[in-house]
Amino acid sequence: MRDDDTQRQLFDLADGMVTDMQDRRIADYVFATSDSPPADDEIAGLNTSRVIEISFDKFSDGRGFTYARRIRDSGFSGMLIASGHVIADQAEYLRRCGFSHAEIPMAKIADWQSALSAMPAYFQHMAKSPRSRMVTSAMQHKYDNN
Amino acid sequence: MPKTDDIILTANRLEDGVVLWMTGKLDWTADRSRAAIFDADNAQSAHARAEQDAAANRIVSVYAVAVNGKADQSAREMIRAAKGPSIIPPADKPACGSISLDRYFHPVMRRTSDVSLRSA
Amino acid sequence: MYRYDQLDHAFVKARAAQFRNQVERRLAGALSEDEFKPLRLQNGLYLQLHAYMLRVAIPYGVLSAQQLRGLAGIARDFDRGFGHFTTRQNIQFNWIKLVETPDILDRLASFDMHAIQTSGNCIRNVTSDPLAGAAADELEDPRGWCEIIRQWSTLHPEFAFLPRKFKIAVSAGIDDRAATGFHDIGLRMVKNKDGQIGFRVLVGGGQGRTPRVAQQIATFLPKRHLLSYLEAILRVYNQAGRRDNIYKARIKILVEAMGIDAFRDAVEAEWNKIRESAVELPDSERDRIVGYFAPIDLPIITDSDYVHDISTRRQNDRAFDLWMARNIHAHWHPDYCSVTISLKAIDRPPGDASAHEMEAIADIAEAFGQGEIRVTYEQNLIIPHMAKQHLPAVFNRLAKLGLAGGEAGLIGDMIACPGLDYCNLANARSLPLADKIFRRFDDADRRADIGALRLNISGCINACGHHHAADIGILGVNKKGVEHYQITLGGQAGEAAAVGTIMGPSFEEADVPAAIERIVDTYMDLRQDNETFADSLTRLGTAPFKESLYA
């Protein structure tokens with residue numbers, strides 16, 4: 001069940017801080033998981049300093065995670081916001097795929113904040129993921145580009 | 001003679017998965033023999049109560065079983081009522097020693113185990 | 001085998017704590033059942049017919065004796081004293097309470113186990129050859145690669161909400177004992193003409209409603225590109241797999257809809273963007289993980305009297321002879337072997353073992369093996385690296401436990417899903433039928449005479465019993481409220497994977513054992529030389545079998 005708009009906040013996936021919805025910029029581009037995947041040239045054409053929103057029509061529709069990674073891989077460095085139906089337990093998945101923020105119901109802030117510290121590390125090497133297991137491995141590897 | 005739209009309501013208890021049936025008092029019981037039959041007039045309040053209990057996080061997976069001799073006496077519903085499989089798993093046998101070749105099933109199923117579970 | 005380090009320990013402990021928090025929120029209503037269900041599935045917890053069922057991960061089927069004892073303890077303390085080993089090399093417990101599951105996960109973490117991603121629309125347990133590291137015919141030990149894939153797929157943030165479940169299997173033997181042909185991705189280790197070892201990649205296999213044999217997407221994938229190529233396949237699937245219909249959501253449907261060539265092009269296009277990037281596995285990490293699977297140091301056997309002892313006993317002890325003929329598997333070391341412990345017998349649901357039996361098997365693995373146990377696709381257990389000199393003693397121990405009477409690969413070695421006795425999805429029971437069939441073929445000499453024959457039983461169209469991949473497959477259906485069974489012939493799970501064909505109208509349960517016997521008798525009448533059942537079927541076609549079935 002979704003809370004109505006006035007009770008949603010913008011949650012920063014990096015540090016768990018929240019800002020009011022009225023303070024946030026309207027997205028310059030919106031992708032919905034229920035749309036067909038954006039084409040490569042559409043992603044390449046995104047202005048790197050804007051705000052992009054990816055809207056999940058169902059939290060179980062995992063396409064949004066791939067869209068986010070593709071957008072980040074193309075060099076996008078602006079705000080990438082997950083909206084629609086996303087749940088606290090996805091916080092780390094969202095962050096690690098490159099989302100900077102999520103729109104969440106106020107009532108769930110505590111759940112989202114504790115979700116950010118649920119796991120001590122992860123296996124996969126992802127961009128901007130210092131707790132990745134493969135990064136903390138003893139020997140240097142040549143692909144660390146962060 | 002039950003009418004074709006009479007139903008029994010059944011669900012699983014959220015905390016442990018135990019199979020439950022709704023009683024005439026709109027409460028839940030683990031005893032199949034105390035399951036109430038709801039006719040068209042009563043079904044609505046039974047369903048409403050079930051939804052309430054699901055929303056109150058007591059039960060999950062509610063569904064209605066038609067009381068028609070087929071659905072309510074299907075293999076599935078009989079196995080659920082028996083609260084266990086129709087064949088005894090290894091733990092219930094002696095840990096060592098020779099294993100008896102006498103076939104036996106869960107006591108509740110014993111009467112019907114050799115018969116196809118046809119409707120009456 | 002892989003040894004957990006501090007980070008691995010912290011990971012499974014934190015995962016258990018995370019689930020405890022999720023259960024608390026569910027019980028308090030802060031999570032709805034719709035929101036909670038994918039979360040509990042990703043920790044292997046199903047709601048089944050009588051209770052919750054927990055599927056514990058046994059990565060590529062490898063267990064230490066300590067872990068097997070730990071599972072016995074869970075069976076005893078949280079379940080009804082037994083567990084069920086599955087076709088994906090996992091173990092299932094059938095009588096679990098939701099409220100106790102956090103304690104179970106904590107206990108599992110204490111011996112380096114978990115239930116992560118054993119269900120849900122995510123990448124599942126990576127399975128492999130149960131003889132890996134001990135096989136006589138393998139190119140190299142595939143388990144290092146299984147562990148690499150396991151780590152790559154565990155809590156992979158992009159692929160936690162796929163259109164549907166995703167199953168990967170890895171095989172490195174000449175014989176494919178991992179059924180790679182029936183997996184979403186099958187990886188077969190091969191050598192190219194330059195002598196390098198890499199992967200032949202298959203995609204789009206599966207059982208279920210629409211069984212398919214996997215198709216080749218890559219002839220030779222170098223090892224260093226394994227993870228980037230897998231990412232590319234998963235990404236194409238995540239974006240393009242159907243989400244409107246759960247029966248059309250597997251990758252096999254997508255591959256068929258696009259055609260393998262177009263699918264390959266889509267994967268290569270994606271792969272070209274990410275290969276040589278951060279996704280690739282660093283050499284150092286690869287070496288670290290593969291290093292855990294270096295060939296095992298086995299004590300030299302100086303005394304060769306055992307050869308004569310075994311030979312003599314085989315001549316005098318028919319039960320021992322039959323056991324030796326089927327349950328002993330060649331090892332790369334001439335004095336060693338691997339031993340199948342058959343979990344198939346009268347009054348035993350295929351693949352079930354009691355807590356006591358698990359502990360006894362752990363003891364045997366420690367006393368006579370190298371402290372390791374494997375779970376097989378056929379729902380048996382294997383003790384690898386056993387010095388052949390111990391075989392008579394091991395047979396004696398197993399016989400006392402009642403675990404020496406079944407033979408791997410013969411008609412009694414049935415694969416059966418739990419069926420309607422346990423499963424919410426089932427249409428019919430599989431376990432009583434398996435028992436009836438075993439009783440009909442209860443004569444060990446007769447089973448030996450029939451020879452290699454795979455008979456699999458599924459209780460519904462989801463085909464968890466892999467009936468499509470069997471010489472004789474049995475599918476339970478619901479015909480107007482009555483349990484009926486369809487028979488298929490001609491399936492195969494190995495190198496030459498094939499889907500069986502339906503013979504005709506279904507049978508009532510009481511008629512099935514006799515029907516199976518008619519098929520077997522037809523084979524015995526018509527076989528030539530030393531043909532297996534599968535050979536006869538290929539030579540003769542299904543006509544004579546169909547005729548005897550419906551005579």
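**Exercise 1. A helix pair in chain C**

Work out how helices α7 and α8 of chain C are arranged in this predicted model, and which residues bring them together.

*Solution.* Begin with the geometry: α7(C) covers residues 251–258, α8(C) covers residues 260–274, and the two pack at an angle of about 110° with their axes 6 Å apart. Angles from 65 to 115 degrees count as roughly perpendicular, so α7(C) and α8(C) are roughly perpendicular to each other. Then list the residues: α7(C) brings C:L254, C:V255 and C:M258, while α8(C) brings C:I260, C:A262, C:F263 and C:A266. Finally, sort them by class: seven are nonpolar, none is polar and none is charged.

**Exercise 2. A second pair, for contrast**

Describe the arrangement of α1(C) and α4(C), and sort the residues of their contact by class.

*Solution.* Helix α4 of chain C spans residues 101–110, and its axis comes within 9 Å of that of α1(C), with a crossing angle of roughly 180°. Angles over 145 degrees count as roughly antiparallel, and α1(C) and α4(C) are therefore roughly antiparallel to each other. On the α1(C) side you will find C:V12, C:K13, C:A16, C:F19, C:R20 and C:V23. They meet C:T101, C:P102, C:L105, C:D106 and C:A109 of α4(C). By class, this contact holds seven nonpolar residues, one polar residue and three charged ones.

**Exercise 3. Domains of chain C**

Into which domains is chain C divided, and how many residues of domain 3 and domain 4 are in contact?

*Solution.* Let's start with the bounds: domain 1 is 6–110, domain 2 is 135–292, domain 3 is 305–401 and domain 4 is 415–549. For domains 3 and 4 of chain C, the C-alpha centres lie 26 Å apart. Their contact joins eight residues of domain 3 to ten residues of domain 4. The domain 3 side of that contact has five nonpolar residues, one polar residue and two charged residues.

**Exercise 4. The nonpolar core**

Find the residues with the most contacts inside the largest nonpolar core, then list what C:I233 touches.

*Solution.* The largest nonpolar core has 224 residues, and C:I233 and C:I361 have the most contacts inside it. Helix α6(C) supplies the largest share of this core, nine residues. Now zoom in on C:I233: leaving out residues up to four places away in sequence, C:I233 touches C:I185, C:V203 and C:V267.

**Exercise 5. Which chains touch?**

Decide which pair of chains has the most contacts, and describe what chain B brings to its contact with chain C.

*Solution.* First, rule out one pair: no contact joins chain A and chain B, and their closest C-alpha atoms lie 12 Å apart. Two pairs of chains do touch, and the most contacts are between chains B and C. That contact takes 34 residues from chain B and 40 residues from chain C. On the chain B side, the elements giving two or more residues are β4 (59–66) and α2 (75–82). Of these, α2(B) gives the most, with four residues. The chain B side has 17 nonpolar, ten polar and seven charged residues.

Now take the contact between chains C and A, where 31 residues of chain C meet 30 residues of chain A. On the chain C side, the elements giving two or more residues are α1 (6–27), α2 (33–41), α5 (143–153), α6 (226–240) and α9 (283–290). The largest share, seven residues, comes from α1(C). By class, the chain C side divides into 14 nonpolar, nine polar and eight charged residues.

Note on methods. Residues are numbered from 1 along each chain as its sequence is written. Chains are lettered from A and ligands numbered from 1 in the order in which they are written. This is a predicted model: local features need pLDDT of at least 70, side-chain atom pairs count only at pLDDT 80 or more; totals for chains, interfaces and linings use all residues. Axes are lines fitted to C-alpha atoms, for helices over the stretch in contact, and angles run from 0 to 180 degrees between N-to-C directions. Angles under 35 degrees count as roughly parallel, over 145 as roughly antiparallel, 65 to 115 as roughly perpendicular and the rest as oblique. Two residues are in contact if their C-beta atoms, placed from the backbone, lie within 7 Å. Ala, Val, Leu, Ile, Met, Phe, Trp, Tyr, Cys and Pro count as nonpolar, Asp, Glu, Lys and Arg as charged, and the others, Gly among them, as polar. Domain bounds come from an automatic or database domain assignment. A nonpolar core is a set of buried Ala, Val, Leu, Ile, Met, Phe, Trp, Tyr and Cys residues joined through C-beta atoms within 7 Å. A residue is buried if 20 or more other C-beta atoms lie within 10 Å of its own, exposed if 12 or fewer, and partly exposed in between; C-beta atoms are placed from the backbone.
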